[in-house]
Amino acid sequence: MENILTSETIYASQMQCGNLTQIKNLARQAIRPRTDNYDLQCTALRSWSVNSGPMNEFLRQSAADIKKFQLSRIKNLVDNAYKNVPFYRDFYGACGYEEGSISSFSDFETLPIVTKTLLNDFCPSIRVNSPDVLEFANTFRTSGSSGKPFTVYTDDEDIVLDHLEVLRFYNSCLQYPLQESDWIYVIHHSGLAFSSLQGKYKTFQLPDLLADTPLGEHLLHLRPRLLITLPSYLPLILKHKAELQLSGVEAILTNSESSTQFERTYYSKALGIPVFDEYSSEEIGLIATQCSYGTYHAVEDGVYLEIVNADKGGFGSVICTDLNNELMPLIRFDHGDIARKRPDLKRCDCGSPCTALLEINGRRDDAFRTYDHQLVPSASILAAIDDILVTPDKTLGAFRMIQKSADELELVTHYKGQPHMPMVEILAQLTTRLSVLFGYSITLSHQAVEALPELKSYKRRSIVREWRVE
Ligand SMILES: [Zn+2]
């Protein structure tokens with residue numbers, strides 16, 4: 001039977017709506033990524049069966065062995081970038097870099113830091129190691145927290161590796177590993193790279209969760225072992241507590257927005273299910289994942305993580321080097337987030353030797369609020385902007401969305417050319433999407449500017465709430 005699986009039946013996981021119309025309507029809005037195809041699912045499944053063991057072993061090595069691995073990866077990555085990527089050739093050349101000159105982490109850490117703004121000044125063909133493959137490469141174009149659209153290019157191998165790291169993290173949150181027939185339930189505007197691996201490890205994705213979504217009923221229908229969600233949905237999920245527990249969900253995993261340990265502990269206790277947080281981004285993939293002791297551990301086979309310019313409290317900028325993206329290397333990439341590293345080098349009580357972050361303070365909670373002070377997830381607002389303005393629109397230079405009152409929003413844009421469709425149409429689509437998120441009609445005004453006005457204390461914020469509810 002397995003041999004006759006077609007591309008359509010492979011995506012059948014999204015059809016498992018259990019005759020619930022509201023679920024069906026939401027599920028239909030999920031966007032299937034280009035990578036979610038038969039061949040790549042096959043590659044990922046094969047890779048998972050061969051590599052899941054060694055990938056677990058990797059995390060049981062000594063910290064010294066992990067560092068040794070990272071340094072050798074970094075040497076190759078930097079040399080290849082210098083040889084094959086025009087941007088790095090000039091950038092490193094200007095500071096006197098020569099091939100083979102990294103022999104320690106301190107050598108590496110003298111290389112200049114790269115930012116999104118800097119990379120955005122160069123056209124994509126200058127930022128990759130092979131301009132010929134650009135049109136076939138996977139792209140992630142993100143609004144990001146800085147409000148300046150940025151495109152990341154990756155190859156299929158990187159997509160598969162990122163997915164395997166995600167599966168390994170899922171297993172670390174469970175008492176026993178995911179079985180091939182288990183379901184993963186994702187309540188998130190962006191789903192996983194694969195809806196299943198050829199019908200195994202199936203995922204169901206709800207791009208949004210609304211007040212009247214029959215989540216409990218659907219969980220009882222699918223009986224997933226894991227629930228992946230935005231932290232802002234936790235209060236709504238709590239309303240389905242009884243069904244959630246009956247359905248057998250063993251752990252809840254949060255990502256994309258910052259949430260406090262306090263909040264997660266609260267919901268974990270209220271639901272009687274552990275909640276684990278993940279720190280990840282479109283640009284890098286998984287960066288760090290929480291263990292059962294609440295510590296964030298860097299995913300050291302995927303990323304080399306530094307905290308630089310730390311203040312007295314230990315908070316500094318998160319600098320990431322993606323160890324697997326050879327196509328468009330991101331080396332010493334400033335993520336625009338703030339985090340605090342564990343000051344000593346003691347092994348975590350969970351046994352992990354990996355770099356430990358105690359707190360991630362980035363992507364401050366910029367959430368808009370409704371009349372009755374309910375949170376509207378910033379990630380969902382950014383997703384609406386991504387879908388309607390950023391992804392199709394190559395001419396949008398920067399934007400900011402401001403909440404003026406309970407039902408008034410203002411969009412400020414800086415365009416570098418003509419928008420892809422009339423502004424009236426863009427605003428109408430956006431108003432509809434935002435009204436759904438708020439649960440009532442909002443009005444959206446628009447201001448086109450030459451440059452975004454600087455904000456005194458929140459330079460990086462593209463979502464700003466001026467309306468004070470407290
Ligand atoms: Zn730990």
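Me: Which strands does helix α15 lie across, and at about what angle does it run to β18?
Reply: This is a predicted model: local features need pLDDT of at least 70, side-chain atom pairs count only at pLDDT 80 or more, and totals for chains, interfaces and linings use all residues. Residues are numbered from 1 along each chain as its sequence is written. Helices (H or I, at least four residues) and strands (E, at least two) are DSSP runs, numbered from the N terminus. Helix α15 covers residues 423-438 and lies across β17 and β18, running to β18 at about 140° (axes are lines fitted to C-alpha atoms, for helices over the stretch in contact; angles run from 0 to 180 degrees between N-to-C directions; contact means C-beta atoms, placed from the backbone, within 7 Å).

Me: What is the strand order in the open sheet of 4 strands?
Reply: Two strands pair if DSSP finds at least two bridges between them. The pairing in this open sheet is mixed. The order is β18-β17-β16-β19.

Me: Why is one side of β18 and of β19 left without a neighbour in the sheet?
Reply: β18 (443-448) and β19 (463-465) stand at the edges. Neighbouring strands of this sheet are turned by 20° against each other on average, direction ignored. One side of each edge strand is left without a neighbour because each has a single partner strand.

Me: Which residue in β17 stands opposite Q403?
Reply: β16 (residues 396-403) and β17 (residues 408-415) run antiparallel, joined by 7 bridges. Opposite Q403 stands L409.

Me: How many residues of strand β8 are buried?
Reply: Buried means 20 or more other C-beta atoms within 10 Å of a residue's own; exposed means 12 or fewer, partly exposed in between, with C-beta atoms placed from the backbone. β8 spans residues 285-290 and is mostly covered. The count is 6 of its 6 residues.

Me: Which residue takes a positive phi in the hairpin of β8 and β9?
Reply: β8 and β9 (residues 296-298) pair in the antiparallel sense over 3 bridges. Q290 has Y296 as its bridge partner in β9. The hairpin has 5 residues between the strands, and the positive phi, near 85°, belongs to G294.

Me: How far apart do the C-alpha centres of domain 1 and domain 2 lie?
Reply: Domain bounds come from an automatic or database domain assignment. That assignment gives domain 1 as 2-61 + 157-360 and domain 2 as 368-465. Their C-alpha centres lie apart by 27 Å.

Technical notes:
Two residues are in contact if their C-beta atoms, placed from the backbone, lie within 7 Å.
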